[in-house]
Amino acid sequence: MASVLSYENLVHAVAGAVGSMTAMTVFFPLDTARLRLQGVVNVLLTTPLWVVNTRLKLQGAKFRNEDIVPTNYSGIIDAFHQIIRDEGISALWNGTFPSLLLVFNPAIQFMFYEGLKRQLLKKRMKLSSLDVFVIGAIAKAIATTVTYPMQTVQSILRFGRHRLNPENRTLGSLRNVLYLLHQRVRRFGIMGLYKGLEAKLLQTVLTAALMFLVYEKLTATTFMVMGLKRASKH
């Protein structure tokens, strides 16, 4: 035991820890970039499926807006075929720009969650299950509200069957995000950007709150099993 706890081994341990911390600090931006890149790649690969999914869901729906062109697809393959034939292959990536911006939704969610958590831990030693559930719900509600206008535009672009009058051209993607936001506000007011927000909040907030609750419980259990003491304050 004395040889293990010798001064020389302690020096090596400290040097290794400092080296590890230095390497992690230097390369942490690259790790962050890797995670962001994974989100971008995921968006680019799945957007065509979301475009087809959105159009198939809305097929047959009656719209009060006469500028919307109805669709008639017999299935997934036919939808892909008609979209490429009539609108070009780039139409499969309609809504990509808003989708890329929505990658930041989880970042906003976790930022507010950790911030609220730190504020509560200044006043008490430990958070209850209710505390975790509530701050998780609040964090997700804020993130969803902040990014919801982009989700609205994303859905419109994915549907992609809205004409630009008077030229009667179908909307593209990236260059028309600001146009769609402006048109939405002009027609319905600022609240037009948040139509359907209540349903979205019900869908996401409770799910996120439960996720944070399970996450905290699993983390606490893991620390207990490993015999480690988790810091109660950050």
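**Figure 1. Helices H4 and H7 lie oblique to each other.** In this predicted model, H4 covers residues 105-121 and H7 covers residues 197-225. Helices (DSSP runs of H or I, at least four residues) and strands (runs of E, at least two) are numbered from the N terminus. The two helices pack at an angle of about 60 degrees, and their axes are 13 Å apart. Axes are lines fitted to C-alpha atoms, for helices over the stretch in contact, with angles from 0 to 180 degrees between N-to-C directions. The angle makes the pair oblique (under 35 degrees is roughly parallel, over 145 roughly antiparallel, 65 to 115 roughly perpendicular, and the rest oblique). H4 and H7 have a right-handed crossing (near helix turned clockwise from the far one by less than a right angle; anticlockwise is left-handed). From H4, look for Gln 109, Phe 110, Tyr 113 and Lys 117; they meet Ala 208, Met 211, Phe 212 and Glu 216 of H7. Contact means heavy atoms within 4.5 Å. The contact residues comprise 5 nonpolar, 1 polar and 2 charged (nonpolar: Ala, Val, Leu, Ile, Met, Phe, Trp, Tyr, Cys and Pro; charged: Asp, Glu, Lys and Arg; polar: the others, Gly among them).

Residues are numbered from 1 along each chain as its sequence is written, and side-chain values use heavy atoms, without hydrogens or water. Local features need pLDDT of at least 70 and side-chain atom pairs count only at pLDDT 80 or more, while totals for chains, interfaces and linings use all residues.

**Figure 2. Helix H4 also packs against helix H5.** Here the angle is about 150 degrees, and the two axes are 8 Å apart. As you follow the pair, note that the crossing of H4 and H5 is right-handed. The residues of this contact divide into 12 nonpolar, 6 polar and 3 charged.

**Figure 3. Helix H5 meets helix H6.** H5 takes in residues 129-159 and H6 takes in residues 177-188. They pack at about 110 degrees, with 10 Å between their axes, so H5 is roughly perpendicular to H6. On the H5 side you will find Pro 149, Met 150, Thr 152, Val 153, Ile 156 and Leu 157. Val 177, Leu 180, Leu 181 and Arg 184 make the contact from H6. This group of residues divides into 8 nonpolar, 1 polar and 1 charged.

**Figure 4. Val 52 and Leu 49 sit in helix H1.** H1 spans residues 7-58. Val 52 is buried, because its relative accessibility is 3% (buried is under 20% relative accessible area, exposed over 50%, partly exposed in between, with a 1.4 Å probe and protein chains only). Apart from residues up to four places away in sequence, Val 52 touches Ile 76, Ala 79, Phe 80, Ile 83 and Leu 92. Ile 83 is 31 residues from Val 52 in sequence, and their C-alpha atoms are 8.7 Å apart. Leu 49, by contrast, is exposed, with a relative accessible area of 54%. Between the C-alpha atoms of Leu 49 and Trp 93 there are 9.2 Å, although the two residues are 44 apart in sequence.

**Figure 5. Thr 144 and Ile 142 both belong to helix H5.** Thr 144 counts as buried, because its relative accessible area is 1%. Setting aside neighbours within four places in sequence, Thr 144 is in contact with Asn 105, Gln 151, Leu 197, Lys 200, Leu 201 and Thr 204. One of these, Lys 200, lies 56 residues from Thr 144 along the chain, with 7.9 Å between their C-alpha atoms. Ile 142 is partly exposed, at 27% relative accessibility. The C-alpha atom of Ile 142 is 7.2 Å from that of Gln 109, a residue 33 places away along the chain.

Figure 6. Starting at the N terminus, the elements follow the order α-α-α-α-α-β-β-α-α. The chain has 234 residues, and 33% of them count as buried. If you take contacts between residues at least 6 apart in sequence, 72% join residues at least 24 apart. The accessible surface is about 15,400 Å², and 68% of it belongs to carbon and sulfur atoms (Shrake-Rupley method, 1.4 Å probe; for residues, only the protein chains shown count as cover).
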